Amino acid sequence: MSTSHLDYLDRLEAEAIHIMREVAGQFERPALLFSGGKDSIVLTRLAEKAFRPGRFPFPLVHVDTGHNFPEVLAYRDELAARLGEKLIVRKVEDTIKQRGLRDATGKFPSRNPLQTYTLLDVIEEFEFDACIGGARRDEEKARAKERIFSVRDEFGQWDPKRQRPELWNVYNGKIQKGENVRVFPISNWTELDVWRYIQRENIALPSIYFGHERTCVVLPSGQLLGLSEHLQLDETDEIVQRQVRYRTVGDSTCTAAVESNASTIDDIIEDLLLAKVSERGATRLDDNISEAGMEDRKRNGYF
Amino acid sequence: MDLLRFITCGSVDDGKSTLIGRLLYDSDSVSLDILAALENKPTVHGTVDLALLTDGLRAEREQGITIDVAYKYFTTPRRKFIITDAPGHVQYTRNMVTGASNADLAIVLVDARLGVIEQTRRHSMVAALLGIRHFVLAVNKMDLVGYSQEVFDQIVADYAEVAKQLRLTNIKAIPLSALHGDNIVERSTHLTWYNGPSLLEHLESVPATEEASVQESRFQVQYVIRPQTDELPDYRGYAGRIQSGTYRKGDKVTVLPSGIETAIEAIEINQQEVETAVAPQSVILRLADDVDVSRGDSIVPVKQVPHITRELEATLCWMAEAPLRGGRKFLLQHHSALVKASLPTILYKIDVQTFTHVATDEAKLNDIVRVRLKTAAPIVADPYRQNRDSGSFILVDEQTGNTVAAGLIEATDPELFTEAEPGALAFSI
């Protein structure tokens with residue numbers, strides 16, 4: 001067997017495992033941020049490969065917006081039980097009460113911006129020094145410039161101009177008190193790579209990733225948003241029944257579905273190869289607000 | 001399908017962002033919504049400005065420059081590509097070094113109207129220093145010189161001089177126009193005198209990764225796995241990545257720096273035992289004897305033991321605002337090994353334009369210098385020329401935690417240390 005026989009997915013996997021083990025080796029109190037989405041599900045598989053037969057050297061942490069898809073919560077609890085790993089859940093709802101914040105309002109009240117408060121609180125509560133996340137550089141232009149080990153100050157802020165150079169595969173996790181590091185082991189994966197890996201590894205996913213019939217609101221942009229109790233709809237809104245699936249899983253009030261009959265992972269990959277709209281473009285309502293939407297949120301502590 | 005990582009060297013003025021934009025665009029890697037966002041932007045020529053595909057941060061869009069290393073991805077039926085886009089301005093050598101550290105190939109971009117300039121020499125030198133084996137001399141803006149073969153041939157001849165000095169071997173020169181898409185994905189109809197491949201054809205066919213498996217075998221422990229459960233009370237697994245070479249079950253190995261010899265009892269990948277594993281796989285090694293091994297230790301074959309040293313000579317790219325002077329102390333991070341180090345002497349600086357030594361007692365941001373280092377504990381290392389993985393390290397400022405230098409090990413044996421010779425040709429491979 002020689003190096004050249006390794007598939008590109010083998011190489012991406014080896015890199016991600018190496019990064020996770022660096023977290024385990026360099027930090028006292030790391031955590032894995034788990035959203036129930038496919039990227040964080042892939043992270044749990046990579047953690048199994050990195051640390052079994054031992055336990056994970058970190059708990060799974062879910063920042064719960066309260067605007068969830070029930071299928072995802074069920075999946076989360078099942079997965080944590082199957083892995084036998086610790087799951088910490090902190091709710092945006094509670095942060096709003098404790099800090100006297102204003103809840104999201106409007107027609108499509110996204111709690112995405114509020115998540116940041118809960119995230120920073122949970123980091124402080126458990127004194128996490130490193131948080132592993134499933135962000136990828138292909139998602140968005142600001143992410144394309146972020147390091148794999150991304151140092152944040154005590155306010156969780158990302159300063160793109162003060163990033164440490166990241167050389168070879170040497171990851172510098174040296175931080176000062178109050179700082180923490182966000183770590184992105186699948187930085188170099190694309191959406192398609194994630195799906196091909198899920199296919200290869202035969203990873204089970206929440207059912208909302210596959211084509212299913214759902215009652216949706218048609219947005220002015222033409223995007224479809226699954227109907228939920230959190231939406232404040234008008235008489236004039238068009239409600240339709242469509243065969244849809246989700247490409248990403250987030251706050252249900254700002255994550256759009258795409259029309260699809262894809263019922264298997266193979267179908268989804270086929271869909272993706274034909275798809276001409278990016279993952280965020282198709283499904284996120286909040287990044288389009290301003291061109292620098294993601295950059296601003298990252299600067300403020302969003303992961 | 002395999003993976004090729006390449007770096008693009010050049011500045012916005014050379015059409016670098018346009019070149020990357022064109023590769024993404026012509027290989028169908030740009031989504032409709034991103035194109036729509038581009039099309040809403042006013043452009044000089046009235047066409048889509050492909051350069052906007054790569055400018056990520058607000059300040060970059062405002063100033064029309066690239067501040068930081070960005071990563072872009074595209075896939076063809078043959079390969080997955082990771083593009084490292086490093087800014088080309090003089091003051092950004094540190095970004096170029098960062099980008100080149102992980103690249104298998106460098107595209108050196110030249111404006112056909114300007115030919116080989118200072119920047120071309122500097123970029124080639126940094127890429128060669130960082131151990132990149134494959135070079136593409138991309139002669140861009142051929143449309144602006146009437147697609148002239150003469151112009152192209154002159155640039156190729158000029159670059160041959162640079163290549164000779166740097167001892168570059170694998171160079172492919174391609175005439176192209178990123179703006180018009182000539183020779184990027186499809187071969188150009190304007191360049192009929194050129195019979196070679198398009199840029200993408202070349203990127204798809206060049207050998208992807210250096211054969212790390214034929215090098216000496218290196219493995220560094222990142223993390224010790226000890227479940228301490230009823231089923232596995234005594235399990236000790238050494239988790240790490242094979243940095244180079246091959247490991248086989250039963251191999252006789254030495255644990256370094258302690259020097260204790262033992263054998264590999266098992267190699268595990270994903271909880272399965274395997275007979276053999278190769279770089280760059282992440283594995284768990286279990287050893288036949290109960291020996292003391294911790295994070296940062298190396299496990300190597302008994303017949304391929306590297307130097308264990310507390311003194312080394314290295315080339316540094318200085319990356320901090322405050323200049324470096326002899327006498328400072330740092331943390332030296334050699335992958336998973338972290339030791340204190342002092343830097344008593346700067347031997348000389350390398351002039352990135354002439355490739356010669358210049359006497360100096362300080363290194364400024366972006367300078368490349370040859371230094372001596374002493375470490376508080378022994379490190380297990382190879383010269384960078386022999387092993388890009390075990391030959392590389394970073395220096396970390398103890399107070400701020402910032403990465404202040406990239407280090408390439410030149411010699412681990414004091415007998416091979418050089419004396420400063422101002423004026424001599426610095427570059428040797």
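This is a predicted model: local features need pLDDT of at least 70, side-chain atom pairs count only at pLDDT 80 or more; totals for chains, interfaces and linings use all residues.
# A tour of cis prolines, positive phi and helix packing

Start at Pro257(B), in the loop between strand 10 (252–256) and strand 11 (260–269) of chain B. Strands here are DSSP runs of E, at least two residues long, and helices are runs of H or I, at least four long; both are numbered from the N terminus.

Residues are numbered from 1 along each chain as its sequence is written, while chains are lettered from A and ligands numbered from 1 in the order in which they are written.

Select Ala279(B) and Pro280(B). The peptide bond between them is cis too, with omega near 0°. Pro280(B) sits in the loop between strand 13 (276–278) and strand 14 (282–287) of chain B.

Most peptide bonds are trans, and most residues other than glycine have a negative phi. Go to Asn183(B). It is not a glycine, yet its phi is positive, about 65°. Look for Asn183(B) in the loop between strand 6 (170–175) and helix 7 (199–205) of chain B. Is Asn183(B) buried or exposed? Asn183(B) is buried, with 27 other C-beta atoms within 10 Å. The cut-offs: buried means 20 or more other C-beta atoms within 10 Å of a residue's own, exposed means 12 or fewer, and partly exposed lies in between, with C-beta atoms placed from the backbone.

Next, Gln271(B). Its phi is also positive, about 65°, and it is not a glycine. Gln271(B) lies in the loop between strand 11 and strand 12 (272–274) of chain B. Gln271(B) is exposed, with 10 other C-beta atoms within 10 Å.

**The core**

Select Ala106(B), Ala138(B) and Val139(B). These have the most contacts inside the largest nonpolar core, a set of 191 residues. Such a core is made of buried Ala, Val, Leu, Ile, Met, Phe, Trp, Tyr and Cys residues joined through C-beta atoms within 7 Å. Centre on Val139(B). Leaving aside neighbours within four places in sequence, its contacts include Val110(B), Phe152(B), Ile155(B) and Leu176(B). Contact means C-beta atoms, placed from the backbone, within 7 Å.

**Over to chain A**

Chain A has 9 helices and 10 strands. Of its 303 residues, 52% count as buried.

Select helix 6 (residues 191–201) and helix 7 (residues 265–274) of chain A. They pack at about 160°, with axes 10 Å apart. Axes are lines fitted to C-alpha atoms, for helices over the stretch in contact; angles run from 0 to 180 degrees between N-to-C directions. Helix 6 and helix 7 of chain A are therefore roughly antiparallel. Angles over 145 degrees count as roughly antiparallel, under 35 as roughly parallel, 65 to 115 as roughly perpendicular and the rest as oblique. Show the contact residues, among them Trp195(A) and Ile198(A) of helix 6 and Ile268(A) and Leu272(A) of helix 7.

Display Lys38(A), Asp39(A), Val42(A) and Arg45(A) from helix 2, against Val194(A), Tyr197(A), Ile198(A) and Glu201(A) from helix 6.

Key. Two residues are in contact if their C-beta atoms, placed from the backbone, lie within 7 Å.
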